[in-house]
There are 2 protein chains.
Amino acid sequence: MDGGARPDPTLIPLGARAMARCDLLGAPPYSEAPDQLTRRFLTPAHRAALDVLGDWMCEAGMTVRLDAAANLIGRYEGSTPDAPALMIGSHIDSVRNGGRYDGALGVMLGIDCVDALARAKRRLPFAIEVIAFGDEEGSRFPASMTCSRAVAGTVDPTVLTMRDADGMTLSDAFAAFGLPSVDFTKAARKSGDVLAFLEAHIEQGPRLEAEDLALGVVTAIAAQKRLMVRLTGTAGHAGTTPMHLRRDPGPAAAEAILAVERICAAGSGGLVGTVGRITALPGAFNVIPGAVEFSMDVRAETSAARDAAVAAITAEIQTIAARRSIGLTVELLQDLPESPSDPVLTRLLEDAVHATGVQPLRLPSGAGHDAMVMADLAPTAMLFIRCKGGVSHNPAESVRADDCVVAHRAMLAFIDNLEREHRA
Amino acid sequence: MDGGARPDPTLIPLGARAMARCDLLGAPPYSEAPDQLTRRFLTPAHRAALDVLGDWMCEAGMTVRLDAAANLIGRYEGSTPDAPALMIGSHIDSVRNGGRYDGALGVMLGIDCVDALARAKRRLPFAIEVIAFGDEEGSRFPASMTCSRAVAGTVDPTVLTMRDADGMTLSDAFAAFGLPSVDFTKAARKSGDVLAFLEAHIEQGPRLEAEDLALGVVTAIAAQKRLMVRLTGTAGHAGTTPMHLRRDPGPAAAEAILAVERICAAGSGGLVGTVGRITALPGAFNVIPGAVEFSMDVRAETSAARDAAVAAITAEIQTIAARRSIGLTVELLQDLPESPSDPVLTRLLEDAVHATGVQPLRLPSGAGHDAMVMADLAPTAMLFIRCKGGVSHNPAESVRADDCVVAHRAMLAFIDNLEREHRA
């Protein structure tokens, strides 16, 4: 039988198994679409992923529950019951047509950490909880990180009235998921119950690859604002309205989008600005639009740098709108200040990376992460894993199995370091 | 009882009744949406409108049938059976959130013309057919005027594979409407059976109002092209991709939209260019778009002027895309050459307008109309009716009842003139 021999799946090393599990979750029923990975918050694909995650958490020795905000939590008790927990996790949702590792890999690595401890029959002076946050990306509803905010106790309950592109409210989406009458306060944790939060995540940028390093330690997460710009003119017939009599918000939006690009390209301190969504209304071939809406996502290493850019962009759009007699509203949908990692935990994580034989690169994160929200509840640390070409939010997202194995080892070493620190 | 007296609805003059009927059809069930008029092709709102139109046609003395392309046709026989017909009509569909008179008024005026002849018990040496075309606007499927093309025998049957925004094919939409296995050739008319085509329509422009005139006679319909532009770059994470490493099709589309505006504003000969639909894909706040698509509608009084503008715009977009390393496709979806009205019929219509005491203004039409398609089948003439502020494709679309009464008289006078010409 040796001609057809395949590797025994139980022999896949932990860490590499985490990666393989992300691959498994890259297609239906864990994706909404057949030929891509789209797993948005509270969809049947999200439900299917939680079902299999729950099985894996149980197999690794955890007790599993779904909290009031649709976060799946597996708990591995410490040496004493009800000990405070080290939480390890990330998000299980994806953007539309996204990559397989963004978020999910951090959850799977958490499961593999507990599995290693359980196999070794080790109990620690603290519990470990692995958490799969339901919504980090905000790819279904306008706000993001609703689920980690619920855990941190910082969510604004009015988000329940937000609507998705089909007009469904978040509240109704929870009900359709099996969670009617959501009370976010039931998902909130007491700070004394959470010792620390560790998030492992793909870098989603090119720096680790450029330095030929598997792992990085995050010093801080960039400040971010999400805004919606709405320009209003006069709808009209495309064939009968002379060019000079038009009040078309389309070219005004075009000038505004170029202003976002120009101002952000001229900036420094990690400044980036993105227009990801553009809609002309009513959206017919033969109708001059009455309104054009577009989203703006602006980030920088500091809130001050970000806010200066938002102010410059807004002033420029005001000038454009006034010159063209176009109405303008700019709505702030989300404001996340920069979030420095906890210095003590970060040192423990750097030491852990070092112990695996990898030189730890200290770097900021341009992407927002649940860790920045969890920082309101507990000290946080973040481990970055190299990703190919820095590509993310894209089906071409790719990681290396050997990097995942090293990441798993570093996380176990971090747990050892935390145990030593905790006993001291 | 005189304090609460209301005008007897049977006393509303013909023409004004046509306008009142358009108002009635401005809300559900004749609209898809509760607070606006949206009546797209083959929707339940379209069906509801045809049901009541059929009743009105019957009451006016016509026999009614639905043809193979979902056109509703009422026929009022001439003095001999199977005589060739003067067709009078326009379209019954609307753009999204459109006006009540665009298209519908021409159908209702046709019914009122037959009603006047039937009340007078007049039979003519030709039949009169009133037609309500199902799709002129193209507000559901990418192509427009599919229904008048079917009557003229010029429709391309591959349009049946076109899809609406929900992914439904035109073929399936016909089946859902009760017309499975559509064969457009069954809707085509022989040219000997159609003596002439007369379309009354609101001007959708400001010229009649500026001249303080109720009616105009159309000399020609402008040439029109519809195109879809697709710009492709590289999707990526909004937070981690530095500005200088992006291949974002959004700013490229923005430059292209400004080029459309600049080139058309600098042109002459009625040149207009409109970007009515803009979509960024995947369309998430935190994802750099991988592609941006937008529609272009370009019109001018001659095909040559229109094609020169399309060529200049396309060359400019090619330059923009090349400079930004962005992929580009430009797809031609529709090509309608300029369509001059029939000179004999137009003179008969001018005389008819004159006979009502209105000075007829001769003017070109910037908007496309079913008449330009019907010109392939029979000689055509078009009557324009003043509309307030030139506003159309907009809920603010407005006409005057007295103008509709005069339009009705002019159409009856045209029928008299055609009868005289026909006997001569």
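Predicted model: local features only at pLDDT ≥ 70, side-chain atom pairs only at ≥ 80, totals over all residues.
The pocket itself has a volume of about 720 Å³, and its lining comprises 41 residues, among which Val272(A), Thr240(B), Thr241(B), Pro242(B) and Met243(B) lie nearest the centre. The elements that supply two or more residues to this lining are helix 7, strand 9 (272–274), strand 12 (291–300) and strand 15 (361–365) of chain A, together with helix 7 of chain B. Sorted by class, the lining has 18 nonpolar, 14 polar and 9 charged residues.

We can now turn to how helix 7 of chain A meets its partner in the other chain. Helix 7 (residues 249–265) of chain A packs with helix 7 (residues 249–265) of chain B at an angle of about 140°, their axes lying 8 Å apart. Because angles count as roughly antiparallel when over 145 degrees, helix 7 of chain A is oblique to helix 7 of chain B, and the one passes the other in a left-handed crossing. From chain A, helix 7 brings Gly250(A), Pro251(A), Ala254(A), Glu255(A), Ile257(A), Leu258(A) and Glu261(A) to this contact, while helix 7 of chain B brings Gly250(B), Pro251(B), Ala254(B), Glu255(B), Ile257(B), Leu258(B) and Glu261(B). Taken by class, the residues of this contact are 8 nonpolar, 2 polar and 4 charged.

Within its own chain, helix 7 of chain A also packs with helix 8 (residues 303–323) of chain A, where the axes come within 9 Å and cross at roughly 155°. These two helices of chain A, helix 7 and helix 8, are therefore roughly antiparallel to each other, and their crossing is right-handed. On the side of helix 7 of chain A, the contact involves Ala252(A), Glu255(A), Ala256(A), Ala259(A), Val260(A), Arg262(A), Ile263(A) and Cys264(A), which meet Ala309(A), Ala312(A), Ile313(A), Glu316(A), Ile317(A), Ile320(A) and Arg323(A) in helix 8 of chain A. The residues of this contact divide into 11 nonpolar, no polar and 4 charged.

Methods
Residues numbered from 1 in each chain as written. Chains lettered and ligands numbered in written order. Heavy atoms only, no water. Axes fitted to C-alpha atoms, helices over the stretch in contact; angles between N-to-C directions. Helix = DSSP H or I, 4+ residues; strand = E, 2+ residues; numbered from the N terminus. Parallel < 35°, antiparallel > 145°, perpendicular 65-115°, else oblique. Left-handed = near helix turned anticlockwise from the far one by under 90°. Contact = heavy atoms within 4.5 Å. Nonpolar A, V, L, I, M, F, W, Y, C, P; charged D, E, K, R; others polar. 1 Å grid on protein atoms, 1.4 Å probe; cavity = no way out; pocket = protein on both sides within 12 Å on 5 of 7 lines; lining within 4 Å. Points joined across faces, edges and corners; volume = space filled by probe spheres on them.
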